[in-house]
Amino acid sequence: MTDSDPLCRSSWGNGTTRADTARAGAAQPGTVQPDTALPDAVLVAASLDEPERFAVLFDRHAPTIHQYVARRLGRDAADDVTAETFLTAFRIRARYDSGLAGVRPWLHGIAAKLISRHRREEVKALKLLARTGRDPVAETWTDSADDRVTAQAASRPLAKALAALSEGDRHALLLFAWADFSYQEIAEALDIPVGTVRSRLNRARRKLRVTAGRYSPFGESGESGESAGTAVPPLETHVSEGDPA
């Protein structure tokens, strides 16, 4: 990417975050702002000739990407990974397939690859949380101070279970649980067949039941929800046995 690219016109530093720079570079004063009602695929196509239009996609999806990455890696890493996700998306936008389910899986797929670079840090943080019950990443799992008290007890066995998953299984499970993706969207994000998504989720569910014990996201009947009256963090409340596809 060159300095003329709209998402790279400002240098990193000078007190600004990479996310600030990515957004600011995409909407320079005097440029024609696109219709914010346009579909994502239309904006991606339009940005090939009018690069500034990509800024709308940043505005729409950066908060969701940032929230997802923060749950995986913590807020500090989320700033850089979110910015890099959109910088990468901008560079490869000509390859975007408008026939896919949408831009969200595409962006989360890019983010997943970037998260993979932090695999050791993620697993290390999860293991630390499993041992001590305290870790900055866990603070992003729930926004309620009251919920944090009850979620702390559940977070330790859950973190241990997540750390034990393979990278691919963890990606699939957390896209399902925290990004609310369908099987098809997970398949598109990770560039794998839907059948592989099913296999990864089933394997992850089994391992979480064994490792997380009563804090597993799944009851014995296979239904989602709380375990034995215990309040649970967002992962448990979102994962279910049913196929959303």
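## A site in helix 6

Ala-125 is found in helix 6, where helices (H or I, at least four residues) and strands (E, at least two) are DSSP runs, numbered from the N terminus. At 17% relative accessibility, Ala-125 counts as buried; buried means under 20% relative accessible area, exposed over 50%, and partly exposed in between (1.4 Å probe, protein chains only). The C-alpha atoms of Ala-125 and Arg-72 are separated by 9.5 Å, although these residues are 53 residues apart along the chain.

## Basis of the model

This is a predicted model, in which local features need pLDDT of at least 70 and side-chain atom pairs count only at pLDDT 80 or more, while totals for chains, interfaces and linings use all residues. Residues are numbered from 1 along each chain as its sequence is written, and side-chain values use heavy atoms, with hydrogens and water left out.

## Overall organisation

The protein chain contains 11 helices and 0 strands. Of its 245 residues, 49% are buried. Contact means heavy atoms within 4.5 Å. Among contacts between residues at least 6 apart in sequence, 59% join residues at least 24 apart.

## Helix 2 and its cover

Which residues of helix 2 are buried? In this helix, which spans residues 40-47, they are Asp-40, Leu-43, Val-44, Ala-46 and Ser-47. They lie on the same side of helix 2 because they cover an arc of only 165° around the axis, the arc being that of the directions from the helix axis to the C-beta atoms. In general, an α-helix has 3.6 residues a turn, so residues three or four places apart point the same way. The cover over the buried residues of helix 2 includes helix 3 (54-73) and helix 5 (103-116).

Helix 2 and helix 3 pack at an angle of about 145°, and their axes are 8 Å apart. Here axes are lines fitted to C-alpha atoms, for helices over the stretch in contact, and angles run from 0 to 180 degrees between N-to-C directions. On the helix 2 side, Asp-40, Leu-43, Val-44 and Ser-47 take part; they meet Phe-54, Val-56, Leu-57, Arg-60 and His-61 in helix 3. The residues of this contact divide into 5 nonpolar, 2 polar and 2 charged. In this classification Ala, Val, Leu, Ile, Met, Phe, Trp, Tyr, Cys and Pro count as nonpolar, Asp, Glu, Lys and Arg as charged, and the others, Gly among them, as polar.

## The nonpolar core

The largest nonpolar core has 57 residues, and those with the most contacts inside it are Val-69, Trp-106, Leu-175, Ile-186 and Leu-201. The largest share of this core, 10 residues, comes from helix 3. Such a core is a set of buried Ala, Val, Leu, Ile, Met, Phe, Trp, Tyr and Cys residues joined through side-chain atoms within 4.5 Å.

Leaving aside neighbours within four places in sequence, Leu-175 is in contact with Tyr-68, His-108, Asp-180, Phe-181, Ile-186, Ala-189 and Leu-190. Thr-85 is found in helix 4 (residues 75-91) and is buried, with a relative accessible area of 0%. Residues up to four places away in sequence not being counted, Thr-85 touches Ile-65, Leu-107, Ile-110, Ala-111 and Leu-114.

## Salt bridges

A salt bridge is a side-chain nitrogen of Lys or Arg within 4 Å of a carboxyl oxygen of Asp or Glu; by this rule the count comes to 6 salt bridges. One of them joins Arg-60 to Asp-40, with the closest N and O atoms 2.6 Å apart. Arg-60 lies in helix 3 and Asp-40 in helix 2, so the pair ties together parts that are 20 residues apart in sequence. Arg-60 is partly exposed at 28% relative accessible area, whereas Asp-40 counts as buried at 17%.

Arg-170 forms a salt bridge with Glu-122, the closest N and O atoms being 3.4 Å apart. Since Arg-170 lies in helix 8 (residues 167-178) and Glu-122 in helix 6 (residues 119-132), the pair ties together parts that are 48 residues apart in sequence. Both Arg-170 and Glu-122 are buried. Asp-169 and Arg-203 form another salt bridge, with closest N and O atoms 2.7 Å apart. This pair links distant parts of the chain, Asp-169 in helix 8 and Arg-203 in helix 10 (residues 194-212), 34 residues apart. Asp-169 is buried, with a relative accessible area of 1%, whereas Arg-203 is partly exposed, at 31%. Salt bridges that share partners join Arg-72, Glu-122 and Arg-170 into one network.
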